[in-house]
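Hi everyone, thanks for making time this morning. Let me put the model up on the screen, and then we can walk through a few spots together.

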Amino acid sequence: MSVAARVNPKDFFTAEEWAPLAERSSWKGLALVAHCWAVIGLATLMGLLWPVTIPLAVMIIGARQLGLGILQHDAAHGALHSDPGVNEWVAEWLCSGGVARYRKYHLQHHKFAQQAEDPDLGLSAPFPITRQSFRRKIVRDLTGQTWFKQRFGLLQYNLKTRAKGSAVLPILGAEIVRQRRFLVTNAFVIAGFGVAGMLLGRNWWWGWFALWLLPRATWFQMVTRLRNIAEHALVAKDEPDPLRHARTTMANPIERALIAPYYVNYHCEHHMFMHIPCYRLPRAHRLLGEKGVLARMEIAPSYPAMLRLAAPA
């Protein structure tokens, strides 16, 4: 197995520069988690009170659902909180959950970035693709087909491949056990929306479907795809230069709000220094710029520019 080349922070930063970059805060990660849930809550309230705003709410909430995943990603690197116990608890219960399982998978991606053993290589290998193929993928994302396949694909497979005449109930029971956290959480929150609506004299039973499941099944899927494309598509397989294992995409305020929250666009810097907390990546980018390093890195000027390269015609 060929381990991807790594960089030494000392080659780019003085000790005085590196120390604050590598420092884990006891409150900044928590503040980002609180911000994420506050944005989700406010967008949900907006959609409940003014249903005409639901399309905008779906985009905002879907991007923040990705934001929860990004913050869990920081926790997988031990960077969300200075206390390891708090780091794990917040990631498990206030972000996306399953942080230990995700960490094991994700660190393999860093260890073998763009090498044959990289578990994420399949996300970038097919590019460039045709614009028609790209549009089909986006349609599948925005119509919920991608989400349904991810969430219920195993159930579909087990039902399709079961022996002729075999019982269906054991397969359904195993699926309920596998999805128990998803099902229980959704059941409680659907009930919560109904109770809140009754207490306020509102008919809000539909809120969870329109303002959590719909964003998760549509906008979240699309922006996750766009993020994956921007990060590694068109990066050469077996790339020897660790400054070009991943791509940083410069993002404007709208892109940061709706596509790339919590500094996820600074992905080249993240691969170079994977233990830097996400909120310090812009500072690392500025310092690298001052040192003339950015010209050696893989950087795209915007998400539309990157997508034009990934799907040129």
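How many aromatic pairs does a search of the whole structure find? The search gives 10 aromatic pairs, where rings of Phe, Tyr and Trp (its six-membered ring) pair if their centres lie within 6.5 Å, and planes under 30 degrees apart count as stacked, over 60 as edge-to-face and the rest as tilted. One of them is Phe13 with Phe273, a tilted pair at 5.3 Å centre to centre with 55° between the planes. Phe13 sits in the segment before helix H1 (15–22) and Phe273 in the loop between H14 and helix H15 (281–290), so this pair ties together parts that are 260 residues apart in sequence. Helices here are DSSP runs (H or I, at least four residues), strands are E runs of at least two, and both are numbered from the N terminus.

Before going on, a word on the ground rules. This is a predicted model, so to speak of local features we need pLDDT of at least 70, and side-chain atom pairs count only at pLDDT 80 or more, while totals for chains, interfaces and linings use all residues. Residues are numbered from 1 along each chain as its sequence is written, and side-chain values use heavy atoms, with hydrogens and water left out.

Back to our pair: Phe13 is buried at a relative accessible area of 5%, and Phe273 is buried at 3%. Buried means under 20% relative accessible area, exposed over 50%, and partly exposed in between, with a 1.4 Å probe and protein chains only.

Next stop, Ile259. It lies in the loop between helix H13 (253–258) and helix H14 (267–272), and it counts as buried at 17% relative accessibility. Setting aside neighbours within four places in sequence, Ile259 is in contact (heavy atoms within 4.5 Å) with Ala63, Leu66, Val223, Leu226, Ile254 and Tyr303.

Tyr303 leads us to helix H16 (residues 303–310), where Tyr303, Ala305, Met306, Leu307 and Ala310 are buried. Their cover includes helix H7 (131–142), helix H12 (219–232), strand S1 (248–249), H13 and strand S2 (299–300). At the start of H16, a side-chain oxygen of Ser302 comes to within 3.1 Å of the backbone nitrogen of Ala305.

Note on methods:
Polar contact = N/O pair within 3.5 Å; in protein donor to acceptor, adjacent residues only side chain to side chain.
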